[in-house]
Amino acid sequence: MRLRNVPGSQEFIAANEFVVHEPESYKGKWHEFFGNNNPIHIEVGMGKGQFITALAMQNPDINYIGIEKYSSVLIRAIEKRTQVECNNLYFIRFDAENINTLFDKDEIDRIYLNFSDPWPKDRHAKRRLTSKEFLARYDQFLKKDGYIAFKTDNRPLFDFSLEQAPEAGWMLRDVTFDLHHSEYNEGNVMTEYEEKFSSKGNPIHRLVAYR
């Protein structure tokens with residue numbers, strides 16, 4: 001995926017108050033960071049932040065952390081963040097491959113994965129955010145009663161995810177190949193990609209993985 005560079009984005013992010021700097025230092029201390037014991041939900045690969053910003057506004061009693069590795073995309077999420085009044089949403093510029101260095105055991109209540117990079121080549125399968133390798137990382141910090149909610153319009157990636165979860169010892173529920181015409185669409189918050197793809201008639205696939 002090629003992304004257009006935004007001049008000055010890295011410097012802007014480095015100085016922004018809504019971005020957590022040196023996030024590894026908060027491992028096991030995120031409730032202290034937020035100043036409360038509210039549940040913590042994260043979105044891995046949040047893109048421009050429409051989804052997580054909407055959730056934070058709807059649920060003031062839940063803390064949200066958006067994780068994005070591309071500065072040119074993260075800066076757009078920050079722009080949205082500056083336009084809303086809330087104290088329960090922060091961002092981390094980080095490569096998810098090392099996500100288990102950010103959070104301690106049972107520290108996170110829910111994980112959102114939305115329209116993740118499909119990494120279509122077989123040799124890159126381990127990089128997919130729903131691979132058994134990534135599921136093993138999530139297992140280190142997701143609460144036992146927590147779950148992963150995954151959405152995509154990419155059918156090969158969705159089929160891959162349906163196979164990987166059981167192999168990794170996870171169970172599946174609320175599986176649908178056409179979210180917007182299913183019983184699970186009530187309360188659905190759309191991402192930018194979801195709006196774009198669904199407007200073209202692409203069905204949106206969704207699953208929930210839990211242990």
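1. Where does Asn87 lie? Asn87 sits in the loop between α4 (71-81) and β3; helices (H or I, at least four residues) and strands (E, at least two) are DSSP runs, numbered from the N terminus. Asn87 counts as exposed at 62% relative accessibility, where buried means under 20% relative accessible area, exposed over 50%, and partly exposed in between (1.4 Å probe, protein chains only). Leaving aside neighbours within four places in sequence, Asn87 is in contact (heavy atoms within 4.5 Å) with Phe34 and Arg81. From Asn87 to Glu163, C-alpha to C-alpha, it is 38 Å in space, and the two are 76 residues apart in sequence.

2. A word on the basis before going on. This is a predicted model, in which local features need pLDDT of at least 70 and side-chain atom pairs count only at pLDDT 80 or more, while totals for chains, interfaces and linings use all residues. Residues are numbered from 1 along each chain as its sequence is written, and side-chain values use heavy atoms, with hydrogens and water left out.

3. Now the interior. A nonpolar core here is a set of buried Ala, Val, Leu, Ile, Met, Phe, Trp, Tyr and Cys residues joined through side-chain atoms within 4.5 Å. The largest such core has 34 residues, and Ile42, Phe103, Ile111 and Tyr138 have the most contacts inside it. Helix α6 gives the most to this core, with four residues. Apart from this core lies another one, of 22 residues, including Phe18, Ile62, Ile78 and Tyr147. As background, nonpolar side chains tend to be buried together in soluble globular proteins.

4. On to the aromatics. Rings of Phe, Tyr and Trp (its six-membered ring) pair if their centres lie within 6.5 Å; planes under 30 degrees apart count as stacked, over 60 as edge-to-face and the rest as tilted. The count by this rule is 15 aromatic pairs. One of them is Trp30 with Phe33, edge-to-face at 5.4 Å centre to centre and 70 degrees between the planes. These two are three residues apart in helix α2, so about one helical turn separates Trp30 and Phe33. Trp30 is buried at 0% relative accessibility, whereas Phe33 is partly exposed at 25%.

5. Phe51 and Tyr112 also make an edge-to-face pair, with 5.1 Å centre to centre and 70 degrees between the planes. Phe51 lies in helix α3 and Tyr112 in strand β4, so this pair ties together parts that are 61 residues apart in sequence. Phe51 is buried, with a relative accessible area of 5%, and Tyr112 is buried too, at 10% relative accessibility. There is also one aromatic cluster, formed by Tyr26, Trp30, Phe33, Phe34, Tyr90, Phe103, Phe134, Tyr138 and Phe141.

6. Which residues lie nearest the centre of the second largest pocket? Phe51, Tyr112, Gly187, Asn188 and Arg206 do, out of 20 lining residues. On a 1 Å grid over the protein atoms alone, a pocket is an open set of points with protein on both sides within 12 Å along at least five of seven lines, a cavity is a set where a 1.4 Å probe fits but cannot get out, and lining residues have an atom within 4 Å of a point. The volume of this pocket is about 300 Å³, volume being the space filled by probe spheres set on the points, which are joined across faces, edges and corners. α3 (50-58), β4 (108-114) and β5 each supply at least two residues of its lining, and β5 gives the most, with four.

7. The cavity count comes to one of 30 Å³ or more, and the largest cavity holds about 50 Å³ of space. Its lining consists of Leu113, Thr130, Leu135, Ile148, Phe150, Ser161, Ala165, Leu207 and Ala209. The elements giving two or more residues to this lining are β5 (142-152), α6 (155-167) and β7 (205-210).

8. Glu22, not a glycine, has a positive phi of about 55 degrees; Glu22 is in the loop between α1 (9-14) and α2 (30-34) and is exposed, at 62% relative accessible area. Asp106, also not a glycine, has a positive phi of about 60 degrees. Asp106 falls in the loop between β3 (89-93) and β4 and is partly exposed, at 32%.
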